[in-house]
Amino acid sequence: MKSQTVIITDGNQRAALAVVRSLGKAGFRCVVASPIRRSLAGVSRFAAREVVVPDALDAPSAFVHALAALSRQENAVLIMPITEPSVLAVLPERQQFAPAVIPLADGETFSTVSDKRRLLQEASALGIAVPQQTVLENPAAAKAFDVSTVTYPVVLKPSRSVGEQDGQRLKVGVSYASDSADLRHRLDQCSPSVFPLLLQQRIVGPGTGVFLLLWNGEIRACFAHRRLLERPPSGGVSVYCESVALDEKVLMQSRALLDRFGWRGVAMVEYKLDRASGTPYLMEVNGRFWGSLQLSIDSGVDFPNLLARVALDLPTQPAATFRVGTRSRWWWGQVDHVLARIRRPEMRSLPSGTPGMIRTLTHFLLAPLRPGDREEVLRFADPCPFWYETVRWFQGK
């Protein structure tokens, strides 16, 4: 039987590499679409072909047009958008990709869940703990805001990870302010694209995630992990993480939250576990594949293959269990973490409880010797992505 073709976008993302490896091993023909000529996922031996398409952030309409043409050319049965800009570009134009399936929630639902202000309001109504916050609607509100009224440190978090300014989509990120002078300076520097802006209580503790595949009202797979190290060290993407036992209460409240939006597809429900009280505080929901996807696959929950199979009405069994204690390391991400700590050991934005330098270096040096540790990108059966990433790292890209 001829392999069915799946198109995976954003080949420069680690999640795209995990999807390509998963689906390629499962017998699908993987075509990688990327805004650069060669990408991390595109050099994998499980990628049948790589095609350059416009950047979904800079040129969403051109991206959709090129991706739809590629889908028709390849007779694709499935489109897997990886990053938020790609999802936001594709979902409103779903009809252009028919008969190929896009196994995600509808565009309105995805957009609503991606709005952190709305999400936290709904979570609070369900009794889920959320950080205390103040919402600044626009630059005028930021200018008039009394910076002495908040407790420090404080998190500056745009309501959406992809904002808009003058009709152009822009990626916007989280920052931290340690005191009133720092906050005033940061507010004065904010571009209009970050508003509405949330000023949130900073929850100090490990980041945890509950990962779900919901389809037709059923939990088809679930997983949980804990972040051990991040890049940047003050908080960001996971570079070293570990599978942990599911907390049944947190799982049920995560499912209830997604059900409130009528969710279908994969989602990562992200929490911070407050070190003082042990309370899990909701941070956000990622309604797409996440950076640490390979950890769940290594632990026994192959989300990409399960999602593809349920979307295509192929036989599948729910992934009921997974291995606890499996750890995943992104080598070059962890190198960046260590270098940041060495160059700026006094970093004020590091939360209390952050591992010291000796422990951080121990994590880095001894990880290859620890049972249960896996390299996320480096795989001897598929080595090219790691060497590609190594060259790019030394080139500073």
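**Figure 1. A salt bridge between Arg49 and Glu74.** In this predicted model, the side chains of Arg49 and Glu74 come together in a salt bridge, with 2.3 Å from N to O. The two partners belong to distant parts of the chain: Arg49 is in strand S3 (residues 47-52), while Glu74 is in helix H2 (residues 60-74), and 25 residues separate them. Glu74 has a relative accessible area of 11%, so it is buried. This pair is one of the salt bridges of the model, for which the count comes to 22.

Figure 2. Is Asp182 buried or exposed? With 14% relative accessibility, Asp182 counts as buried. Arg186, with a relative accessible area of 31%, is partly exposed.

Figure 3. Glu164 forms a salt bridge with Arg169, and their closest N and O atoms are 3.8 Å apart. Glu164 has a relative accessible area of 52% and is therefore exposed. Salt bridges can also join into a network, and which residues are linked in this way? They are Arg226, Glu242, Arg327 and Asp373.

**Figure 4. The aromatic pair of Phe386 and Trp387.** A pair of aromatic rings is described by how far apart the centres are and by the angle of the planes. For Phe386 and Trp387, the ring centres are 5.2 Å apart and the planes stand at 70°. Why is this pair called edge-to-face? An angle of over 60 degrees counts as edge-to-face, and the planes here are at 70°, so the pair falls in that group. Phe386 has a relative accessible area of 9%, so it is buried. Trp387 is at 53% relative accessibility and therefore counts as exposed.

**Figure 5. Arginines over tryptophan rings.** Two places in the model show an arginine over the ring of a tryptophan. In one of them, the charged end of Arg14 sits over the ring of Trp330, 3.9 Å from the ring's centre. In the other, Arg264 lies over the face of Trp215, at 4.0 Å from the ring centre.

**Figure 6. A nonpolar patch on the surface.** Which residues form this patch? They are Ile342, Leu361, Leu365, Leu366 and Leu369, and together they have about 490 Å² of accessible area. Helix H12 (residues 357-366) gives the most to the nonpolar patch, with 3 residues. Leu361 is found in helix H12. With 32% relative accessibility, Leu361 counts as partly exposed.

**Figure 7. Gly173 in a loop between two strands.** Where is Gly173 found? It is in the loop between strand S8 (168-171) and strand S9 (175-177). Gly173 has a relative accessible area of 53%, so it is exposed. Leu156 is 17 residues away from Gly173 along the chain, and the C-alpha atoms of the two are separated by 8.6 Å.

**Figure 8. The chain as the setting for these views.** The C-alpha trace spans about 65 × 50 × 45 Å along its principal axes. Of the 397 residues in the chain, 54% are buried.

Notes. Residues numbered from 1 in each chain as written. Predicted model: local features only at pLDDT ≥ 70, side-chain atom pairs only at ≥ 80, totals over all residues. Heavy atoms only, no water. Phe/Tyr/Trp six-rings, centres within 6.5 Å; stacked < 30°, edge-to-face > 60°. Buried < 20%, exposed > 50% of the residue type's maximum accessible area, 1.4 Å probe, protein only. Lys NZ or Arg CZ within 6 Å of the ring centre and 35° of its normal. Patch = residues over 30% accessible without salt bridge, like charges linked within 9 Å, V, L, I, M, F, W, Y side chains within 5 Å. Areas by Shrake-Rupley, 256 points an atom, 1.4 Å probe, with all protein chains shown as cover. Salt bridge = Lys/Arg side-chain N within 4 Å of Asp/Glu carboxyl O. Helix = DSSP H or I, 4+ residues; strand = E, 2+ residues; numbered from the N terminus.
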